[in-house]
Number of protein chains: 2
Amino acid sequence: MTEPTQTDDAGTTPATSARFSQARAAQSMAVLEDYAEMIDDLTAEMGEARITDIAARMGVTHPTATKAVARLKREGLANSRPYRGVFLTEAGAALAARVRARHRVVVDLLVAVGVPSETAELDAEGLEHHVSEVTLRAFEAFLDETRSGSAA
Amino acid sequence: MTEPTQTDDAGTTPATSARFSQARAAQSMAVLEDYAEMIDDLTAEMGEARITDIAARMGVTHPTATKAVARLKREGLANSRPYRGVFLTEAGAALAARVRARHRVVVDLLVAVGVPSETAELDAEGLEHHVSEVTLRAFEAFLDETRSGSAA
DNA sequence: CGGAATTTAAAGCCTCGGCTACACTTTTGT
DNA sequence: ACAAAAGTGTAGCCGAGGCTTTAAATTCCG
């Protein structure tokens, strides 16, 4: 946070920098969101989320996964005891659920406007973290309309 | 790059990690793209892009902008001489043009599916960097259809 | 011309997300 | 029961992108 002193004198657009700041902030949550969702998936599928599996699925090495989990713990999203699996806290599970729901909506929206499903899945992975609440609701509304409308 | 050794034994989904890797790769270009576009804007508006202005618009401090410009130069996207403005190379200008076009399409798409325009602008800043070529073309096609179709 | 203000640069530090290498548990299997 | 294998943890390194502080250069005026 702590916006740097912005004189804004070079600005035709007034709040340009705010946009970028926001995009950067969103980015910093992205990784946490992905890990949270992944841990949730693994817990559902295999009963527990082991560091090795998390790492394998995320496409990173074990230490990287460990660090990410440490950050999740620091943020109160997960907890774990040494050599035991990783578990999401209430907050973490809620986050995972929200992320998953959002992901689905984004993929559906992409498909609805004509993006091939594999591409939609691929792109959604990057896109989803930058979809605001407002946009998400707009997507949902659009999907509703489309589904009933094009049912004809 | 250099995908870590992935045994994939924890995988129900085969190529899950690839998705994340791709998303991460896209992210690494994002900042460069933003700076390139910004420099292009400033050059157009004010004749040249000065570090101070770039920094102000991006919402970062001058040293940060300097570093970013250094990276752009390293990547062959810009050049600059001390105490002189920053200028994009051919490649840089091409990138900026592509980024700008993509940004516009993304914003238009968002608006087309019902996102309020201010939100669209805001979200597009984060989203655009993760829109693949395929998706971009799908967006364009959708916009074409919509424009002619809903003209009724 | 010379000094003040502005702009740029340089150095040093932080966090984050990667990595490798190495040490230590825990599990597993004979 | 114990040794090998597998899984985890920890330390240390790197690059990227932030920041602040300090120093230098340039520009602008009086």
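**Exercise 1.** Which helices of chain A and chain B each supply at least two residues of the surface near DNA strand D?

*Solution.* The model is predicted: local features need pLDDT of at least 70, side-chain atom pairs count only at pLDDT 80 or more, and totals for chains, interfaces and linings use all residues. Residues are numbered from 1 along each chain as its sequence is written, and side-chain values use heavy atoms, without hydrogens and water.

Step 1. A residue is near the strand if one of its heavy atoms lies within 4 Å of it; helices are DSSP runs (H or I, at least four residues), numbered from the N terminus.

Step 2. Chain A supplies helix 2 (51–58) and helix 3 (62–74), and chain B supplies helix 1 (16–46) and helix 3 (62–74).

Step 3. Helix 3 of chain B gives the largest share, five residues.

**Exercise 2.** State how chain A is related to chain B.

*Solution.* Step 1. Superpose by least squares on the C-alpha atoms of residues with pLDDT of at least 70 in both copies.

Step 1. A rotation of 180° with 0.0 Å of shift along its axis places chain A on chain B (RMSD 0.1 Å). This is the relation of a two-fold axis.

Terms used: Chains are lettered from A and ligands numbered from 1 in the order in which they are written.
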